[in-house]
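Dear colleague,

Please find the structure below.

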Amino acid sequence: MSCWWEVEVEGQRHRLWAERMGDTLWIHHQGRSFTLELESSAGSRRGRSRGTPGSQGDLEGSGEIKAPMPGKIIKVLVELGQEVDVQQPLVVMEAMKMEYTLESAVKGKVKELYGELGQQVSLGQVLVVVG
Amino acid sequence: MTKPKLSTPAPVIEKVAIANRGEVAVRIVRACQELGLTSLLLHSEADRSSLAYRLADETLCIGPAEVGASYLNIEATIQGALSGGADALHPGFGFLSENADFAEACAQAGLVFVGPSPESLRLFGDKISAKDLVEKAGGPVIPGYQGQDQSLRTLLEKVEEIGYPVMVKAAAGGGGRGLKVIHRMDQAVEAIEAAQREGLSAFGSAQVFLEKYLAEAKHIEVQIFADHLGRVQHLFERECSIQRRHQKIIEEALSPSLSPTLREEITQVAVKIAEQAGYRGAGTIEFLLAPDNQFYFLEMNTRLQVEHPVTEMVLGVDLVKAQLLTAMGRSLNWQEAFHPRGHSIECRIYAEDPYRGGMPSTGVLGFCHWPQGPGRRFEVGFEKGDEITSYYDSMLAKVIVWDENRPRAIEKMKATLRDCVIFGLRTNIPFLLAMMEHPEFLSGQMTTGFVDKYFSRPLKEPSLTRSDRQLAEAVVKTLNREGLGGPRPRGPDGEAGPVPSPWGHSWRSGL
C-alpha cells in the first residue's frame, strides 16, 4: 500500500505522501512533515488548532501538571499542601530510559497530588494541581 | 566455577541467540543469516511488533515488556538461549552487552558470548579500574575523583576541589545514562543523587565518580578490533561531538579535526590500551579532544557501538560479521592496514518531538518511506503498524550516508533526511536538519557543547501555511469524491466541516 498522492490546488499539481491515522492527517510534502487534526465522524471537538497531536498548549501558566508523555514516576518531590514556586521541580518521570523533571508553571500550594512513586502514567494524565 | 562445555579454541557455532531489540537486532539477524548461521531472537512480549521478530529465523519470548524482566534478566535470557538450542549469544549494545556477570553466566551455560572476556568487561565496565589501567598504560586521563568513599559529604568536597563545571557519572554507566553536569554548588546534591538513582536503576550500582567537565572538547573515539589470536588493529576514528544530554545524535568517520600526526598518536594510544588489557573482539576507546589538541581517555566501550556503520562505510568492513567470526575462532583475513575512503555520517532518528524539547513521542508507526539511493544506508527496527512504547529508548532508526568527501556527505544526508517519511510519531528529523545547516557543524569545528550552545531551546514549530491547508483539503476532498467518505480538515478558525460519511480503511493510492 502506498500513501503517494497527487493533488491539484489552484491549478498547480502537488505530489505528496499522506495518511490518515485516527483523527490525524499526516502529510509529507517538499521535505517537511506536518499533521492536521480532522473532525472525526462522531463530531468530536478533540484536536489541536496548530496541528500537533498531543500538544500541551494549556500547560503554560496552568497549575495543572499533566504527564507530557507516557512513562513512570520515579520521584515525587512535593507533598500535599506544600508551597511551591514557579519552576520548582515537582515530579520526576522516566520514559524511554531518560529522566524528565516536571516543574510548576505557577506559584502556589499543592492542592492535588495524583502521582505515586513507581506508577506507570499515560499521556495527559493530571499528576499535580497547584493553585 | 564449572568449566565451559565448549572450551576448544574454535567452537562450533550454528545458532546464535540475539539478546537485543530494534535496529541492532535486525543488523545481527542479517549478519547471522549471511554467514549461514541460524538466528534466534530473544524478545520481550512487547517486541512481537518489530522487524527483528519478523526477520529472525527463530524467536523466543523471554519475558514481559519491562527491561528488568526481559532484556536485563540474565536468567531468562540464558534460559531462552539454551531452550532455543543456541550455541552462542550476541548481546548487541546496551542492555546486558557490557555485563561481566552475564558473560560469565553465558560461559558457564556453554554459550559462546560474542564479545570480550568477562575479565575485560569487568575491567572496563568499572570506569574507575578502566582509568587506572589507562594511566598504567601511559594514557592521558581527565582530573577527577574515583574513590571508594561515596558519602555525599566527600563527593561534595571533591566537586569543590575539582572546580566547576564538574560531571558526575554512574561508575557503571554508559551511553549518557546516570550522567549529570554540575555548574553551581546548589545543583550538586540533586545531580549526585540523580546519577546514583539512574546508576542503581539501570546498572544495579549507585557508585559514582566525578570528573572535570571539558565544555569545549570534541568527542573522538577509536574503533579497535582484536582478532581470535588477540592481534589488535585500529579501524581509525569517529567523531561524535553532536550530543544532547550526553547521548550522541550525529556521528561521522573520519573526524574532520585530526591532523595526520594527531590521528597516528590517538589510534596508537587506543591500540596500546586494548593490548594492555588483552582485549578480544570489537571495542571503542572514547577520548575527549581539548582545543589545545590534548586528548584524554573518557571510557572504553566493550561492545559494538551504535555508530559502527560509519566506520564500516569508510573502511569497507563488516564489524558484526567480524565479531561472529572471531567468536568462532576464525580468521578475519583483513588487510594489514586500512585505507579510509571518502566520508560517512550517521544520524540517529529518535521518536521525539523536536518542537517540544525532545519530549518522547510514542504510539503506532504509520506509513514509512526510506529514500534509498547510492551511498545511503538505513538501519531500521520498526515498520508500519509497530508500536513504539515508553519502555525502551527512543531510537527508531539510523540513517547513514557515504560520499566522496564531507561536504558532499552532508548534502547527501540533508537530501536523504528531507525525503524520509515517518508517519504516526514525531521524530527529530527537523532538529537534525537544523543542526546540519549550522556553520560550526559545516566547518567541522563543533564541540560537545554544540547542542547546548545553539539548540538549547526547542525548535519553533512552523505554523501551517494556507498552502499546507489547501493540500490537506485536497486530499480529503479526493477521498470524499472517491466515495470513501472521510473527515474534513478543520478550517483555520477551527470550525468543523459538514459531517462526513462513515470512513472505511481503504485507500486510493495515487491518481
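**Salt bridges in the predicted model**

B:Arg27 is buried, at a relative accessible area of 9% (buried means under 20% relative accessible area, exposed over 50%, partly exposed in between, with a 1.4 Å probe and protein chains only). B:Glu312 is likewise buried, at 5%. The two side chains form a salt bridge, with an N to O distance of 2.8 Å (a side-chain nitrogen of Lys or Arg within 4 Å of a carboxyl oxygen of Asp or Glu). B:Arg27 belongs to helix H1 (residues 22-34) of chain B and B:Glu312 to helix H10 (residues 308-315) of chain B, so the pair ties together parts 285 residues apart in sequence. Helices (H or I, at least four residues) and strands (E, at least two) are DSSP runs, numbered from the N terminus.

In a second pair, B:Arg54 meets B:Asp386 in a salt bridge, the closest N and O atoms being 2.3 Å apart. This pair links helix H2 (residues 51-55) of chain B to the loop between strand E20 (376-380) and strand E21 (387-388) of chain B, 332 residues apart. B:Arg54 is partly exposed at 41% relative accessibility, whereas B:Asp386 is buried at 1%.

B:Asp318 and B:Lys321 form a further salt bridge at 3.7 Å. Shared partners join B:Arg27, B:Glu34, B:Glu312, B:Asp318, B:Lys321, B:Arg377 and B:Glu379 into one network. Over all chains, the search finds 43 salt bridges.

Residues are numbered from 1 along each chain as its sequence is written, and chains are lettered from A and ligands numbered from 1 in the order in which they are written. As the model is predicted, local features need pLDDT of at least 70 and side-chain atom pairs count only at pLDDT 80 or more, while totals for chains, interfaces and linings use all residues; side-chain values use heavy atoms, leaving out hydrogens and water.

Yours sincerely
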